[in-house]
Amino acid sequence: MSSENEKKKYSREEYIYLSKLYTKAEEYKKVIEFIEEFIKLNPKLDKEECDILSTGFKNMITDKRASWFTLNSMERKEKKKKKNTVKEIKEIKNHIENELREICNKLQEIIDKNLIPNNDEDDTLVFLYKLKADYFRYICEFAEGKEYEKNLIEAEKYYKKAFEISEKKLPIINCNRVSVGLNYAIFLYEIKKDKMAGFDLAQNTFKESMKFIDDLEKSKYRDTLLIIQLLKENIIFWNSEMSEEEQKLVK
């Protein structure tokens with residue numbers, strides 16, 4: 001897009017189209033810009049627009065999270081070998097951490113300023129609270145000390161909010177309800193290190209959703225079925241990690 005076109009104002013529908021177009025081009029910074037623009041024009045989101053918001057930020061953050069985990073692993077190995085490159089690895093890690101903070105803070109700002117005040121449907125609120133919790137969790141993955149504690153508290157607060165509304169207001173096979181069960185369980189198990197609570201939540205969510213799985217239309221509930229499969233995979237993996245005593249406690 002030329003500089004002249006960049007200054008042009010578009011309709012809300014055009015901004016939505018552009019966000020999809022630039023997603024295909026993998027120009028994710030532009031995607032976020034267009035998302036911000038269509039939200040400014042009307043912050044009340046439908047399901048498709050929620051998906052665009054979620055996918056846009058997920059594309060921005062996924063590679064950076066993967067890079068951080070790779071560098072973190074490299075740093076541990078280099079420390080054991082007492083190599084001189086540890087300093088350089090730390091510098092790159094710090095740079096990525098700052099980029100992760102920027103992305104997470106940007107999403108939190110959009111949700112708090114524009115979306116939560118203007119969306120009151122239960123399904124949308126569950127989606128927004130879960131999204132907030134997810135992006136506090138991402139900071140917990142690398143943060144330490146007070147920053148870790150602050151984001152841990154915020155992540156759990158919003159997972160609880162999303163979970164409580166979903167249990168009261170949404171059907172068991174609703175995609176956002178199942179997704180909250182999965183992500184809250186991951187938070188408890190991997191971030192808070194409360195393995196029993198995380199495993200128990202994942203298992204209960206899986207068992208409840210399985211009661212209705214035969215009645216689901218595969219084309220209509222594709223996303224729900226995918227999350228149910230992810231629940232199953234996490235349960236199997238976590239179970240393999242647990243000691244015999246821990247396994248007895250969750251049965």
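The model is predicted, and the protein chain has an average pLDDT of 92. Its largest nonpolar core comprises 72 residues, while its largest pocket has a volume of about 1500 Å³.

**Confidence**

- A pLDDT of at least 70 is reached by 93% of the residues.
- Residues 1-5 stay under 50 in pLDDT, and the model gives this stretch 6 contacts beyond four places in sequence.

**Nonpolar core**

- Within the largest nonpolar core, Leu 53 and Tyr 135 have the most contacts.
- Helix H6, spanning residues 122-140, contributes the largest share of this core, with 12 residues.
- Leaving aside residues up to four places away in sequence, Tyr 135 touches Ser 54, Phe 57, Lys 58, Ile 61, Ile 103, Cys 104, Leu 107 and Gln 108.

**Cavity**

- The lining of the largest cavity is formed by Arg 65, Trp 68, Phe 69, Leu 100, Tyr 138, Glu 141 and Phe 142.
- Of these lining residues, 5 are nonpolar and 2 are charged, with no polar residue present.
- Helix H4 (residues 47-81) gives the most to this lining, namely 3 residues.

**Largest pocket**

- The largest pocket is lined by 50 residues, and those nearest its centre are Ser 54, Lys 58, Lys 130, Ser 179 and Asn 183.
- Ser 54 and Lys 58 are also among the residues that Tyr 135 touches.
- At least two lining residues come from each of H4, H6, helix H8 (175-191) and helix H10 (222-241).
- By residue class, the lining of the largest pocket consists of 21 nonpolar, 12 polar and 17 charged residues.

**Second largest pocket**

- The second largest pocket contains about 340 Å³ of space.
- Its lining has 14 residues, with Lys 29, Met 60, Glu 99, Glu 102 and Ile 103 lying nearest the centre.
- Ile 103 is likewise one of the residues touched by Tyr 135.
- Helix H3 (28-41), H4 and helix H5 (86-115) each provide at least two residues of this lining.
- The lining of the second largest pocket divides into 8 charged, 5 nonpolar and 1 polar residue.

Technical notes: Residues numbered from 1 in each chain as written. Predicted model: local features only at pLDDT ≥ 70, side-chain atom pairs only at ≥ 80, totals over all residues. Heavy atoms only, no water. Core = buried A, V, L, I, M, F, W, Y, C linked by side-chain atoms within 4.5 Å. Buried < 20%, exposed > 50% of the residue type's maximum accessible area, 1.4 Å probe, protein only. Helix = DSSP H or I, 4+ residues; strand = E, 2+ residues; numbered from the N terminus. Contact = heavy atoms within 4.5 Å. 1 Å grid on protein atoms, 1.4 Å probe; cavity = no way out; pocket = protein on both sides within 12 Å on 5 of 7 lines; lining within 4 Å. Nonpolar A, V, L, I, M, F, W, Y, C, P; charged D, E, K, R; others polar. pLDDT = per-residue confidence, 0-100. Points joined across faces, edges and corners; volume = space filled by probe spheres on them.
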